[in-house]
Amino acid sequence: MRQDCTAIRENNEGFKLCVTSMRGVKDLSHQNITSVPSSLSNETQYVDISYNAIQTLEGTEFSGLSQLCFLKAAYCGLREISATVFTHTPALKILNISNNDLPFIPDISLKQLKILDLANNLYTSYEKPACFQNFTKLDFLSLGSPAALSVSYGDFDALMNVSVQHLALGAGTHWQKYESGSLALIKSLKKLSLFASFCGTFGMFENLLVDLNVTQAKMLRFISLFPDSCNVSDNPFKNLRTMPFIQNLTLENTWINSTFMVVFMKNVWLSPLHELSFVNITYNEDTPDGFHLPTINHTINLSSVIFNGVNHYQYRYPTINMSFEAFSRLTYLKFSGTGMNILPCRVMTALPSLEILDLSDNLLTESGFWWTPCSHSSVFAKLRKLSLSRNRFSSLSFISQKTHQMNTLESLDLSFNSIHLDGECYWPAQLTELSLGNNNLGNSVFAYLSSDFEKIDLSKTGITSIMQKDLTRFSKLTHLTLSSNSIQVIPVDLSVPALLSLHIDQNAITSISREVLAGLPRLQKLKAGGNPFVCSCDSYWFITAFNNSLIVDWPLDYTCNTPLSFAGLPLSEYKPSKLWCEMWLQAAVALPVLIVISAAVGLAFHKCDGAWYTKMLWVWIRMKRRGKKRSNILNNASFSYHAFISYSNQDSDWVDTHLVPTLEGAGFSLCVHERDFVPGEWIIDNIINCVESSYKTLFVLSKHFVQSEWCNYELFFAQHRAISVHRDSLVFILLEAIPTNSLPKKYLRLRSLLRQQTYLEWPKDDRKQQTFWASLKSRLHIADK
């Protein structure tokens with residue numbers, strides 16, 4: 001029992017104290033390994049190597065684990081631990097090497113150590129090595145060995161200047177010797193958990209209480225103090241009366257008879273104790289009258305009494321005869337796990353100061369708690385909190401009516417029952433907190449609750465969805481628990497302005513949007529772990545913008561479920577691009593980029609005469625649409641002219657005196673714009689018609705030609721005709737040398753043509769001119785065929 005409780009404390013505190021990411025957790029228990037693996041990464045914070053066959057820890061076993069904070073090596077058969085094995089683990093704060101075979105308490109150096117568990121080993125003495133003097137931050141120490149049967153005076157010298165707050169001592173064996181003054185050396189001790197038996201040697205136990213009074217310890221916990229066969233005839237707790245600092249006493253996992261109980265309670269009555277607990281005890285009535293405590297003219301100091309797990313040795317209800325008036329200061333009473341099925345009538349009225357009553361884990365029903373023979377118009381004069389958890393209650397409407405008898409009741413726990421919604425519920429106005437967890441109630445449960453409720457627990461109640469209309473009535477609601485249901489979506493229109501705490505963990509929620517929590521302006525605590533989160537931009541704001549200090553289970557319980565590439569990744573390590581997820585940032589970046597691109601395109605459009613090409617394209621499209629009906633017969637058309645002459649007006653002298661007379665004198669028909677253009681028609685139409693009516697187009701190239709806009713048009717249309725109809729219809733006559741690099745950018749096509757196509761160059765030599773004319777005429781003669 002003690003070891004289980006220690007483990008729970010250890011794990012809870014260990015994860016909270018040490019682990020910041022599940023990536024740092026390495027569970028190697030039950031792996032049949034014989035040594036610590038060398039493959040552990042340097043980000044490891046928690047290592048569990050329990051239940052393996054590791055007999056020694058030595059050398060550089062933990063080399064490189066500078067972040068190791070929690071090491072658990074229980075049930076490994078450890079026999080030896082080297083003094084230098086933890087040299088490379090400066091951050092180690094929790095060390096559990098319990099339940100091994102260590103023959104002595106190891107000499108180790110760990111200056112940051114806060115929790116050390118050495119229980120259930122095989123050392124024969126509780127004497128600590130000198131290294132314990134350096135454990136200046138040690139808070140909890142557990143020591144125990146079935147072979148250590150005595151405590152000597154010097155065993156705790158090393159802890160004199162160590163601030164140990166809680167000491168767990170013993171392994172359940174019967175101690176043979178305890179030297180007075182041994183524990184008195186631990187000046188900082190506030191709590192002792194003693195797991196040892198003193199049957200027949202109660203003198204040692206009395207000396208131990210004297211030493212604990214010297215330490216001014218406030219909490220004592222005795223486990224298995226009396227074995228089942230022990231006959232307690234002495235008064236081992238009489239020193240409680242002279243211990244002014246003691247406040248809390250717990251008897252756990254022990255056998256208690258009615259005779260001892262009477263003697264024990266007399267000591268408690270006269271002691272300064274405020275809290276008394278009995279945990280997992282076996283009670284036996286060895287007297288015919290049962291537990292009979294005579295009236296004493298002294299008001300007991302107890303304010304809290306706990307019975308948590310009572311096994312009755314006899315096959316009948318225990319007989320208790322005592323004056324409840326003596327417990328006038330009692331504010332907290334717990335009867336849990338006692339098998340109770342009827343609540344005694346006097347408990348309801350004879351405890352005037354009782355504020356908290358816990359009757360969980362019993363066999364109570366409506367008829368057993370509100371027992372018919374008990375006729376009281378008013379019960380529990382000051383009761384504020386009532387727990388009926390883990391019983392057999394079923395009717396919510398009946399319970400709601402009966403709570404009107406409890407005029408001060410503020411909190412009611414009905415979790416883990418068989419509650420069903422059987423009718424309208426009428427709750428008292430002062431009742432502000434209700435727990436219905438672990439009852440199968442469904443989505444309609446909200447209609448059976450009071451608008452005065454401030455705290456509602458509906459964890460694991462079969463809720464699959466929540467709507468804004470479900471929560472609209474609860475204007476005072478400050479705490480809402482919906483854990484372990486099947487809720488998939490939190491509505492974006494959710495509005496609970498007074499809500500301070502929201503638990504939605506262990507559901508089927510994939511993301512929490514900004515709009516959801518915008519309706520919870522006062523939220524101070526959120527628990528949403530254990531949900532199948534989608535790692536996408538929907539979760540981006542939750543990681544970056546939401547205050548993670550408000551999330552009570554962050555970051556360990558938050559991992560990516562989808563997409564598969566991120567499955568298992570801690571949500572805290574998901575780092576999407578801010579640019580990818582923020583729309584306003586995308587717009588802020590895209591706008592200047594778009595402006596720059598537009599400016600660059602505009603500049604290139606201007607430099608490359610884009611306007612001229614656009615204009616030509618539009619004209620060409622119009623021409624194509626107009627000539628669509630005759631496009632299919634162009635290849636078989638007869639031409640009106642051998643050639644259309646394209647030239648600059650500044651070269652007209654050469655054309656009029658040389659080119660036209662020579663070719664027309666040889667019988668060729670030429671189209672010259674000054675002579676053959678149809679008056680009144682658009683110039684562009686004249687150009688297109690002449691080009692299409694001519695077999696060839698002669699271009700008289702010169703520096704004047706490339707500067708003429710009309711020549712550009714004629715070249716443009718002739719090029720397109722050559723591409724679509726008559727590929728060799730262009731003839732170039734170079735009147736004067738024109739370097740291709742000197743041509744404007746809009747003559748890119750002309751540059752290419754001059755590089756790829758043969759042109760005729762007008763020679764200055766008269767003899768060469770005859771060859772020029774012959775070559776030109778040969779190209780035009782083909783038209784006659």
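Is Arg 23 buried, partly exposed or exposed? Arg 23 counts as partly exposed, because its relative accessibility is 35%, and buried would mean under 20%. I will come back to that residue. The model on the screen is a predicted one.

Overall figures, then. The protein chain has 785 residues, and buried residues make up 50% of them. Its secondary structure comes to 18 helices and 35 strands. The accessible surface is about 36,700 Å², with 52% of that belonging to carbon and sulfur atoms. Of the contacts between residues at least 6 apart in sequence, 65% join residues at least 24 apart.

Now the salt bridges. Side chains of opposite charge can pair when their charged atoms come close. The count here is 9. In one of them, the side chain of Arg 23 meets that of Glu 573, at 2.3 Å from N to O. This pair links distant parts of the chain, 550 residues apart: Arg 23 sits in the loop between helix H1 and strand S1, and Glu 573 in the loop between strand S30 and helix H10. Glu 573 also counts as partly exposed, at 30% relative accessibility.

Another salt bridge joins Asp 358 and Lys 334, at 3.9 Å. Asp 358 is in strand S21 and Lys 334 in strand S20, 24 residues apart. Asp 358 is buried, with a relative accessible area of 12%, and Lys 334 is buried at 15%.

Asp 470 and Lys 469 form a salt bridge at 3.6 Å. Here Asp 470 counts as buried at 13%, whereas Lys 469 is exposed at 63%. There is also a network, in which salt bridges with shared partners join Glu 355, Arg 384 and Glu 410.

Next, helix H3, residues 258–269. Its 12 residues reach 16 Å from the first C-alpha to the last, close to the 16 Å expected. How many of the residues of H3 are buried? The number is 9 of the 12, so the helix is largely enclosed by the rest of the structure. Among those buried are Phe 260, Phe 264 and Trp 269. The buried residues pack against strands S14, S15, S16, S17 and S18.

Phe 260 pairs edge-to-face with Phe 226, at 5.0 Å centre to centre and 70° between the planes. Phe 226 lies in the loop between strands S13 and S14 and Phe 260 in helix H3, so this pair ties together parts that are 34 residues apart in sequence.

Trp 654 and Trp 762 form another edge-to-face pair, at 5.2 Å and 75°. Trp 654 is in helix H13 and Trp 762 in the loop between strand S35 and helix H18, so the parts tied together are 108 residues apart. Trp 654 is buried at 10%, and Trp 762 counts as buried at 8%.

Two surface items to finish. Val 593, Ile 597 and Val 601 form a nonpolar patch with about 260 Å² of accessible area together. Ile 597 is in helix H11 and is partly exposed, with a relative accessible area of 47%.

Lys 190, in the loop between strands S11 and S12, counts as partly exposed at 34%. Beyond its neighbours within four places in sequence, Lys 190 contacts Gln 165, Ala 217, Lys 218 and Met 219. From Lys 190 to Ile 246 is 9.5 Å, C-alpha to C-alpha, with the two 56 residues apart in sequence.

How values were computed: Residues are numbered from 1 along each chain as its sequence is written. This is a predicted model: local features need pLDDT of at least 70, side-chain atom pairs count only at pLDDT 80 or more; totals for chains, interfaces and linings use all residues. Side-chain values use heavy atoms; hydrogens and water are left out. Patches are made of residues with over 30% relative accessible area and no salt bridge: like charges are joined within 9 Å, nonpolar side chains (Val, Leu, Ile, Met, Phe, Trp, Tyr) within 5 Å. Accessible areas come from the Shrake-Rupley method with a 1.4 Å probe; for residues, only the protein chains shown count as cover. A salt bridge is a side-chain nitrogen of Lys or Arg within 4 Å of a carboxyl oxygen of Asp or Glu. Helices (H or I, at least four residues) and strands (E, at least two) are DSSP runs, numbered from the N terminus. Buried means under 20% relative accessible area, exposed over 50%, partly exposed in between (1.4 Å probe, protein chains only). The expected span of a helix is 1.5 Å times one less than its number of residues. Contact means heavy atoms within 4.5 Å. Rings of Phe, Tyr and Trp (its six-membered ring) pair if their centres lie within 6.5 Å; planes under 30 degrees apart count as stacked, over 60 as edge-to-face and the rest as tilted.
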